[in-house]
Amino acid sequence: MTDTHTHPYLEDFSDGGANAVRRALAAGVTRMILPNVDAGTVKPLNALHERFPDSTFMAMGLHPTEVAENWRIVMENLEAELHTSAYVAVGEVGIDLYWDKSHRDEQLDAFSHQLTLAHSLSLPVIIHCREGLDEVLDCIRATKPDVPLVFHSFTGSPDDVRTIRSICDPMFGINGVVTFKNAKDLQAAVPMIGTDRILLETDAPYLAPVPHRGKRNEPAFIFETCRKVAQLLDISPQELEHVSDLNANATFSL
């Protein structure tokens, strides 16, 4: 099983995420992709990867909620990282206007810059999109990155899937939200997405699936998401696990 989006290196895990990774490995999650957040998370991200180099893979980028007036200075250091270590993607990057719209223009510029950077490096892009779908699609339309795109933590509706596919043909990262009772739109969208475009993820420590909802999420909890998505697709969890692993291989060149 591959968790294509998880953050066990964050401060929510007091030991740097090592025990969470060990629990994931014991449960059968043998590969975990670790996307960066900001300049302050580069060191713990790399430290966790160094402890588990065979089971973790890193992505580098500037999260949209961390974008401010000085984002270009921050990006200089993150770009240097991309050229010095083995990263499998640019991420997580995108647009988030849910909490704060004051840096909307900076987010647009930073996202467009990172899309162009990913294109130049031939790396896939892990996209964070919250209350910013129009803006995300405008940036994709303008930059035309010829690389795989992943709509991480996708929680949209069938109409959102259609809108996205009118611009690009990305992968969709599905996490514990799909197990929530109030996720009817997402549950309806999963069959439309189809097995060939689904990636499974946890986004740990956030969005723990039922029956762990309300707890700190972990990569080991991905099997609950797998079972729910398989039910929605009318296939076995084992088949979905196999197909989603193949999708991860192709998307991130694992």
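## Helix 7 and helix 8

Helix 7 passes helix 8 in a right-handed crossing, where a crossing is right-handed if the near helix is turned clockwise from the far one by less than a right angle, and left-handed if anticlockwise. The model is predicted, so that local features need pLDDT of at least 70 and side-chain atom pairs count only at pLDDT 80 or more, while totals for chains, interfaces and linings use all residues. Residues are numbered from 1 along each chain as its sequence is written, and side-chain values use heavy atoms, with hydrogens and water left out.

The axes of helix 7 and helix 8 (residues 222–233) come within 9 Å and cross at roughly 65 degrees; axes are lines fitted to C-alpha atoms, for helices over the stretch in contact, and angles run from 0 to 180 degrees between N-to-C directions. Helices (H or I, at least four residues) and strands (E, at least two) are DSSP runs, numbered from the N terminus. Helix 7 and helix 8 are therefore roughly perpendicular to each other, given that 65 to 115 degrees counts as roughly perpendicular, under 35 as roughly parallel, over 145 as roughly antiparallel and the rest as oblique. In this pair Q187, V190 and P191 of helix 7 meet K228, V229, L232 and L233 of helix 8, contact meaning heavy atoms within 4.5 Å. The contact of helix 7 with helix 8 has five nonpolar, one polar and one charged residues; Ala, Val, Leu, Ile, Met, Phe, Trp, Tyr, Cys and Pro count as nonpolar, Asp, Glu, Lys and Arg as charged, and the others, Gly among them, as polar.

## Neighbouring helix pairs

Helix 6 (residues 158–165) packs against helix 7 (residues 184–193) at an angle of about 45 degrees, with their axes 7 Å apart, which makes helix 6 oblique to helix 7. On the helix 6 side, P158, V161, R162 and R165 meet D185, A188, A189, M192 and I193 of helix 7, and this contact has six nonpolar, no polar and three charged residues.

Between helix 8 and helix 9 (residues 237–252), the axes come within 8 Å and cross at roughly 105 degrees, and helix 8 is therefore roughly perpendicular to helix 9. Here F223, C226, R227, V229, A230 and L233 of helix 8 meet P237, L240 and E241 of helix 9, a contact with seven nonpolar, no polar and two charged residues.

## Pockets

The largest pocket has a volume of about 780 Å³, a volume being the space filled by probe spheres set on grid points that are joined across faces, edges and corners. On a 1 Å grid over the protein atoms alone, a pocket is an open set of points where a 1.4 Å probe fits, with protein on both sides within 12 Å along at least five of seven lines, and lining residues have an atom within 4 Å of a point. The largest pocket is lined by 28 residues, of which D96, H128, C129, R130 and S153 lie nearest its centre. Strand 4 (87–96), strand 5 (125–130) and helix 6 are the elements that give two or more residues to this lining, and strand 5 provides the largest share, three residues. By class, the lining of the largest pocket has twelve nonpolar, nine polar and seven charged residues.

The second largest pocket has a volume of about 160 Å³, and of the 13 residues that line it, V147, P148, L149, D169 and P170 are the closest to its centre. The lining of the second largest pocket divides into ten nonpolar, one polar and two charged residues.

## Backbone exceptions

Most residues other than glycine have a negative phi, and most peptide bonds are trans. A cis peptide bond, with omega about 0 degrees, joins G91 and E92, and E92 is found in strand 4. The peptide bond from V210 to P211 is also cis, with omega near 15 degrees, and P211 is found in the loop between strand 8 (198–200) and helix 8. S122, a residue other than glycine, has a positive phi near 55 degrees and is found in the loop between helix 4 (104–121) and strand 5.
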